[in-house]
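Please keep the sequence and the coordinates at hand while reading.

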Amino acid sequence: MKVLLTGGAGYIGSHTCVELLNQGFEAVIADDFSNSKPEAVKRITEITGKNVDLYPIDICGKVALTKLFEEQKIDAVIHFAGFKAVGESCQKPLMYYRNNLDATLTLLEVMKEFNVNKIVFSSSATVYGENNPIPYVETMPITGCTNPYGWTKLMIEQILKDTANADPDLSAVLLRYFNPIGAHPSGRIGEDPSGIPNNLLPYVAKVATGKLPKLGIFGDDYDTVDGTGVRDYIHVVDLARGHVAALQYADTHKGVEAINLGSGKGHSVLEVVNTFTRVNNIPVPYEIKPRRAGDLPEFYANAEKAKELLGWEVEYTLEDMCRDLWNWQSNNPDGY
Ligand code: UD1
């Protein structure tokens, strides 16, 4: 099976590409490198010993995307491409809606034209919004998000549901990610955020290398195990394996399914920082800061549906995530 990965040079895309190639799939990447580097694609080949056809295109452009589909016999698509910074999405909502929705609409139109009817979409636990009780289950009512980035994920889920309703041949799997962290155990690919990181683990990694002086922990007075925020962290290789399982599911089932990819367990910010320090023997200086606007105290997945439908569950622990993150960061202190 030949799989197109839109945004395949990015953090989750590159790890998924490695897992696909290792399991005998062929892969084609379309990526405009707006938030990724061509070096990641070279390293995918280095890890797997397999070639990937690379199209350095913006998939919002229908002409370029059509050419790709003309040149490659694509059987299925995993759609990662999209802007993903929550804060930036609040400052530039139109840019987020235009890019993320346009990319998806163009992709679905071209897929239809070429009779490609399997798609796995990179959604997010952010679609559960702020009013659902934890753990989050796929059957919960979805009523809205707290930021434009989240809304684009929710809107794309809706677009895929409507498209699948109108087209009985389409199969779509909406993967709702919890908090992906860590890196490939080889230390050759990993997360490479531009500028000062927003997310916890990339920030911790920069403090550990000495590039940033101190981590700010956003709030220690939540009603959680130790007062700091609790999240469901998932090793990026487990997440990547989840995409392969979702693709196999889409190959044999029609219709649309939303599926959580999380461990089902929560860890606090302090637990994460202490685990990172313990397994890597590196101090991470921190100070307690006020709560960050828009943060929820605690959320984690109910991971049963992924187990039942995909036969998938996490294999890596928080220790593995912290060790592999440091292996990547210490070997690539400036990223790619
Ligand atoms: C955020 C996004 C989510 C997105 C995900 C990508 C929000 C509300 N949600 O999730 O939509 O899919 O990133 O991974 O922004 N923390 C600190 N100090 C820091 C950074 C984070 O204490 O410097 C804390 C946060 O308060 C939170 C936890 O660490 O409790 C995780 O934060 P983060 O990595 O930013 O992820 P989320 O906010 O859960």
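The structure is a predicted model. Helix H7, spanning residues 200-209, packs with helix H11, residues 318-331, and H7 also packs with helix H9, residues 269-280.

**Packing of H7 with H11**
- The axes of H7 and H11 are 10 Å apart and meet at an angle of about 50°.
- On the H7 side, the contact is formed by Leu201, Ala205, Lys206, Ala208 and Thr209, and on the H11 side by Leu325, Trp326 and Gln329.
- Sorted by class, the contact of H7 with H11 comprises five nonpolar, two polar and one charged residues.

**Packing of H7 with H9**
- H7 and H9 pack at an angle of about 40°, and their axes lie 11 Å apart.
- The crossing of H7 and H9 is right-handed.
- H7 contributes Leu200, Leu201, Val204 and Ala208 to this contact, while H9 contributes Val269, Val272, Val273 and Phe276.
- The contact of H7 with H9 consists of eight nonpolar residues, with no polar and no charged ones.
- Leu201 and Ala208 of H7 take part in the contact with H11 and also in the contact with H9.

**Asparagine 332**
- Asparagine 332 is located in the segment after H11.
- Asparagine 332 counts as buried because its relative accessibility is 5%, and the cut-off for buried is under 20%.
- A polar atom of the asparagine 332 side chain lies 3.0 Å from the backbone oxygen of glycine 187.
- Apart from neighbours within four places in sequence, asparagine 332 is in contact with Arg43, Gly187 and Arg188.

**Threonine 66**
- Threonine 66 belongs to helix H3, which covers residues 62-71.
- With a relative accessible area of 14%, threonine 66 is buried.
- Beyond neighbours within four places in sequence, threonine 66 is in contact with Val110, Glu113 and Phe114.

**Lysine 73**
- Lysine 73 sits in the loop between H3 and strand E4 (76-79).
- Lysine 73 has a relative accessible area of 60% and is therefore exposed, the cut-off for exposed being over 50%.
- In sequence, lysine 73 and lysine 2 are 71 residues apart, whereas in space they are 7.0 Å apart, C-alpha to C-alpha.

Technical notes:
Residues numbered from 1 in each chain as written. Predicted model: local features only at pLDDT ≥ 70, side-chain atom pairs only at ≥ 80, totals over all residues. Heavy atoms only, no water. Axes fitted to C-alpha atoms, helices over the stretch in contact; angles between N-to-C directions. Helix = DSSP H or I, 4+ residues; strand = E, 2+ residues; numbered from the N terminus. Contact = heavy atoms within 4.5 Å. Nonpolar A, V, L, I, M, F, W, Y, C, P; charged D, E, K, R; others polar. Buried < 20%, exposed > 50% of the residue type's maximum accessible area, 1.4 Å probe, protein only. Polar contact = N/O pair within 3.5 Å; in protein donor to acceptor, adjacent residues only side chain to side chain. Left-handed = near helix turned anticlockwise from the far one by under 90°.
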